[in-house]
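Here is a short note for a colleague who is opening this model for the first time. Please read it with the structure in view.

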Amino acid sequence: MHYKRQVIYYLGLPRTGSLSLFQYIESREKAHELDIDSIINTIYRTRNKQIDNRIETFMYFLNLRKKNYDLEFDICTMYSFASREVLFACPNDKYLCIIRPPMEWAHSFIRYSQMVFLDRKITYNSKFWQLVADNINPVHTIRITNDIEATADTINNLLEIWATHVSEILRYMPSYNSLLLKLDNINRNINFLNTFLGTQNITSSNIFPRANSMRYLSTIKNKRSYKELIFMNKIDTIVSGHIAFDLYRSIPSVVFGSQ
């Protein structure tokens, strides 16, 4: 079952600007972020299968979504947990990935966890957190304490998720019709994004207001007390040797892929 209609899939991690991008494109009736549970179930159902069987299952699943939803954009960050399978299943489609700086992403993910479980500002999705829990216990991201070692362990685990995902993206995605952007360089490369998506009006102000990661992290730290700032600086020092930072620095600001 193959459908010739070309779809643009988003392969970035959660907390990389996908929701703002989705809402912008959805307002022009071009995008869908539907049946997240079914995507997660497919990931779980294929997890212990051989790679060929996983790809075949995703091929059927993704083509069924094309048929049912008349897709042009399929923006769901759950695909980041099975990026290789999605790429191999639909080699004639297009792929977008935005990579957020690793420490900024870790802080954002922690804050998101706190909003979901403590502030209740965002809908709780148990299947999503079950998927994340394969790599890190969500409880650890919620109740960050004054224990420096425990907090550093949590951030290290998040950086490991980030590094694993980005390594797979860099290994496979450039072989396909794709665009990879670094979030903190997106201001200079917004025209590439508009051209790739076929849009005209996406800007860093209406989609990625926090595109300058250094300014974003400075804002976080400026809101902290002196004691909290010292604590954060100690954490930064402990995790500074993680491979994620060298990996991020090695990535060009724009990476085009082609078949």
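1. Basis. This is a predicted model, in which local features need pLDDT of at least 70 and side-chain atom pairs count only at pLDDT 80 or more, while totals for chains, interfaces and linings use all residues. Residues are numbered from 1 along each chain as its sequence is written, and side-chain values use heavy atoms, with hydrogens and water left out.

2. Overall make-up. The chain has 12 helices and 6 strands. These are DSSP runs, numbered from the N terminus: helices are H or I with at least four residues, strands are E with at least two. Of the 259 residues, 49% are buried (under 20% relative accessible area; exposed means over 50%, partly exposed in between; 1.4 Å probe, protein chains only).

3. Surface and contacts. The chain exposes about 13,100 Å², and carbon and sulfur atoms supply 48% of that area (Shrake-Rupley method, 1.4 Å probe). Take the contacts with a separation of 6 or more: 79% of them join residues 24 or more positions apart. Contact means heavy atoms within 4.5 Å.

4. Helix 2 and helix 3. Helix 2 spans residues 36-46 and helix 3 spans residues 51-69. They pack at an angle of about 165°, with axes 10 Å apart. Axes are lines fitted to C-alpha atoms, for helices over the stretch in contact, and angles run from 0 to 180 degrees between N-to-C directions. The two helices are therefore roughly antiparallel (over 145 degrees). Helix 2 contributes Ser-38, Ile-39, Thr-42, Ile-43, Arg-45 and Thr-46 to the contact; helix 3 contributes Arg-54, Thr-57, Phe-58, Phe-61 and Arg-65. By class, that is 4 nonpolar, 4 polar and 3 charged residues. Ala, Val, Leu, Ile, Met, Phe, Trp, Tyr, Cys and Pro count as nonpolar, Asp, Glu, Lys and Arg as charged, and the others, Gly among them, as polar.

5. Helix 8 and helix 12. Helix 8 (residues 148-172) and helix 12 (residues 243-250) have axes that come within 9 Å and cross at roughly 35°. Among the residues that meet are Leu-159, Trp-162 and Val-166 of helix 8, and Phe-245 and Leu-247 of helix 12. This contact has 10 nonpolar residues, 1 polar and no charged ones.

6. Asn-191. Is this residue buried or exposed? Asn-191 is exposed, at 59% relative accessible area. Asn-191 sits in helix 9 (residues 190-197). The C-alpha atoms of Asn-191 and Ile-202 are separated by 8.5 Å, and the two residues are 11 apart along the chain.

Methods
Angles under 35 degrees count as roughly parallel, over 145 as roughly antiparallel, 65 to 115 as roughly perpendicular and the rest as oblique.
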